[in-house]
Amino acid sequence: MPKQPNTAVLQIAGKTSGALIELDHVTKQYPNQPVAAVQDFSMTVQPGELIMFVGPSGCGKTTTMKIINRNTAPTSGSISIDGRDVLSLNPSELRRHIGYVIQQIGLFPHMTIAENIGVVPKLLNWSKEKTNDRVHELLTTVGLEPGDFAHRYPKQLSGGQQQRVGVARALAADPPVMLMDEPFGATDPITREKLQAEFLRLQASIGKTIIFVTHDFDEAVRLGDRIAVLSNRSQIEQFDTPANILTNPANEYVSSFIGLGTAIKRLVLIPVTEARLGPASAAAGGTTTIRTTDSLRDALDALVLTGLPALAVLDEQNRAVGSISVDQISAVLGTEVPVLAPTAEV
Amino acid sequence: MVFPTATTLIATAPQRPAGRGAEIWSPKRFVTPAVVLVVLVSLFLWLSSLSLDSIESRTINVDYVIARVREHLGLTVVASALVAALAIPTGILLSRTRSRVIKGIVLGVANVGQATPAVGVIILLAIVWQTGYLTALVGLVIYSFLPVLRNTMIGLQQIDENVRESAFGMGMTQNQVLFRIELPLAVPVILAGLRTSLVFCVGVATIATFINAGGLGDMIVNGLKLQRYPVLVTGAVLVACIALLIDWVAATAEDVLRPRGI
Amino acid sequence: MNLDLNGLLTFWARRWDDILELLGEHLTVVAVALALAMVIGVGVGMLVWDKPFPRSTVIAAAGVALTIPSLALLALLIPVVGLGWTPTVIALVMYSLLPIVRNTVVGLREVPPAIMESALGMGMTPFTVLLRVQLPMAWPIILTGVRVAAQLTIGVAAIAAYVAGPGLGQFIFQGLSSLGSKNALNFAVTGTLGVVILALVVDAAFVAITRSTTSRGLRA
């Protein structure tokens, strides 16, 4: 193996938070297939950005992602990470510096949780001590008590716990880039929402460059800095911030993909404080409260769930600063919130 | 002689929890050796109660029996070792190939091979080549090659594609994936194949007597020819006990060597 | 010694009647043994499938029978039942029991609890459920067990010729005893090839039988 790519890998590895990714006219044509899986795909991802690839299944979004860590070889085009041509690097060494999480997790069943997380550090010849420390640190980060979990085997964990280990394992060597393929897709809605929230918090502190593939537009809106809406052959229909896509869908395809309830989806992006709150006294007797850091979507969910006309809004010191009702949420959107019927009847 | 196929063995392999020690060395584990011991003691007592004629006492004595047991075990162990050394690497290579033609040929040969009677293989070899130990050894190897080969291939194939994908995705090289992930995960299935092959070998080594390759089959055949049932029964019981004990050792090894967590 | 194809063809032409007769015997002894083993195996399976201790004991005992080398098992039967068909059939039945019992038990246990519950809820007795619901659903799995047993016994029957059992094994041993003569190879090849072909044909037949006797609703 030539020396040149080796140092290039190390240069990528030297960074831990965020690298610039550039895909330039990337095409993937499988043999014996009439159309390309990915056609002429170009994109620049800024360091520390969380990019969501959204599209229907079979549109080529996963293939596009896999080209970045050379799990799939492109037919033509070039990919670079921090200016280094990925195709000239040793694929195995490259992958050790790109975190990789897939929906089915793929934990190694014959290894303990600690051993699973320690795989890449071991490949990189870290000392035992350094690896152990890192494993403990990561388990704590993803909310699993190291003393309790380190020596368990994957099958002894729940799906949500396994997924956390999957994320911890991908983060093990502190890679500057993470590729995530529907990482939360196989979990139940409640676990998924929890994992998403934890993941956002984590990303805020680690600032990796992340490519995140999903078919769930709500997830894309909730997590992404920017969203690429993809159609067949991985064609980019729109690549913009969630807010811009929701307010200004580029074409019919994007609108139909966003689907009904665009307004509701936008609520995720708007903090409660944007609404003109009612008097605190309006939230009579309800034990459910909303925080000023919550989004309007959270508020609406809570209102629908409790069936109350209004909920108290608390600030960080737990002081009631006002109340929120469906009318006030509608007012922010400038349109009637469409799923109100059940609430109104209660 | 054909034994249950690898797939039927896998399908019913009991799921064992990760906790071991007590699991592996439970009282159940010692049923087989205990039964074998009882059978051997009964055989000894029965033989002691008989007054053996000259033909019988020529074969039913410690030296003769030990020599036959040694031949039998020698044939079995050497053949199984050869099979392991040849069939496992072949299985790994074959599972690496993408060629459908090669896989189809292997599958076809495996099916015909499974349908071929061991006694036919041994006797044909003796006719076209020679009689004796070497022929028996070759026959045993040919005959018990398939279960190990097939289980190696199945063991590697049954590994969750996602596990393989994440191993490559994490930057393991082809060899690292093979030795750190695939082979450890295939161990239980490969061992099941080796176990089947060992039991095969004990059985086929019995008919090695037909081509003058020794073993305990000698006692069975002589007892039958000379109408000396004590000789026949001694040989048959010893072979049965060896088969049971070897199967027991292999089963125990399977449990001890099974990676934790699966 | 090399195989002389012309010689083999002449051999076949001259002994065609013998070959067919031995083939018929081989098939018959296997069929008889399988039929007996099915009655015993499925019956025992139905008795023990829901009782953990008898179940594991029966399966372990059947496993022991399968582990014993065939020549030893046949030899042990001779002082008791003599030579010929009887020890052959008994040995073949003993070898067939494990796959049949085990697959019966697996099949009966695999019926989803929801189906069991609704059958009992409709007022069927446990025995009716076993007969009308579980057994039909387990049928393909039981047949697979019989298929494995068939492959097993066709091979073992070849050895039984040594204790004067019926079938193509007689040709194989005739080849051995005429070692050195020019017909030795013809005998052994014919016997071995016959067994292989019989095994493959029977296996194919089982695929067809499984298809045609499995409820349409259960076919994949």
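Predicted model: local features only at pLDDT ≥ 70, side-chain atom pairs only at ≥ 80, totals over all residues.
Local features were considered at pLDDT of at least 70 and side-chain atom pairs at pLDDT 80 or more, whereas totals for chains, interfaces and linings use all residues. Residues are numbered from 1 along each chain as its sequence is written, with chains lettered from A and ligands numbered from 1 in the order in which they are written.

Nonpolar cores were defined as sets of buried Ala, Val, Leu, Ile, Met, Phe, Trp, Tyr and Cys residues joined through C-beta atoms within 7 Å. A residue counts as buried if 20 or more other C-beta atoms, placed from the backbone, lie within 10 Å of its own, as exposed if 12 or fewer do, and as partly exposed in between. The largest core comprises 206 residues, among which I122(B) and I123(B) touch the most other members. Helix 9 (residues 174–207) of chain B supplies the largest share of this core, 16 residues. A separate core of 17 residues includes A275(A), L277(A), L311(A) and A312(A). Beyond its neighbours within four places in sequence, I122(B) is in contact (C-beta atoms, placed from the backbone, within 7 Å) with A136(B), G139(B), V204(B), I207(B), A208(B), F210(B) and I211(B).

Helices (H or I, at least four residues) and strands (E, at least two) are DSSP runs numbered from the N terminus, and two strands pair if DSSP finds at least two bridges between them. In chain A, strand 1 (residues 21–28) runs antiparallel to strand 4 (residues 76–81), to which five bridges join it; T27(A) stands opposite S76(A) there. Strand 1 of chain A also pairs in the antiparallel sense with strand 2 (residues 38–45) over five bridges, with L23(A) opposite M43(A). An open sheet of three strands in chain A has the order 11-12-13 and mixed pairing. Its edge strands are strand 11 (289–291) and strand 13 (320–325). Strand 12 (residues 310–314) and strand 13 of chain A are antiparallel and joined by five bridges, and L314(A) faces A320(A) across this pairing.

Helix 6 (residues 128–141) of chain A contains 14 residues. Within helix 6 of chain A, T131(A), R134(A), V135(A), L138(A) and L139(A) are buried. These buried residues line one face of helix 6 of chain A, because they fall within an arc of 130° seen down its axis (taken from the directions from the helix axis to the C-beta atoms). On the other side of this helix, E129(A), K130(A) and T140(A) are exposed. G143(A), which follows helix 6 of chain A, has a positive phi near 80°.

How values were computed
Contact = placed C-beta atoms within 7 Å. Expected span 1.5 Å × (residues − 1).
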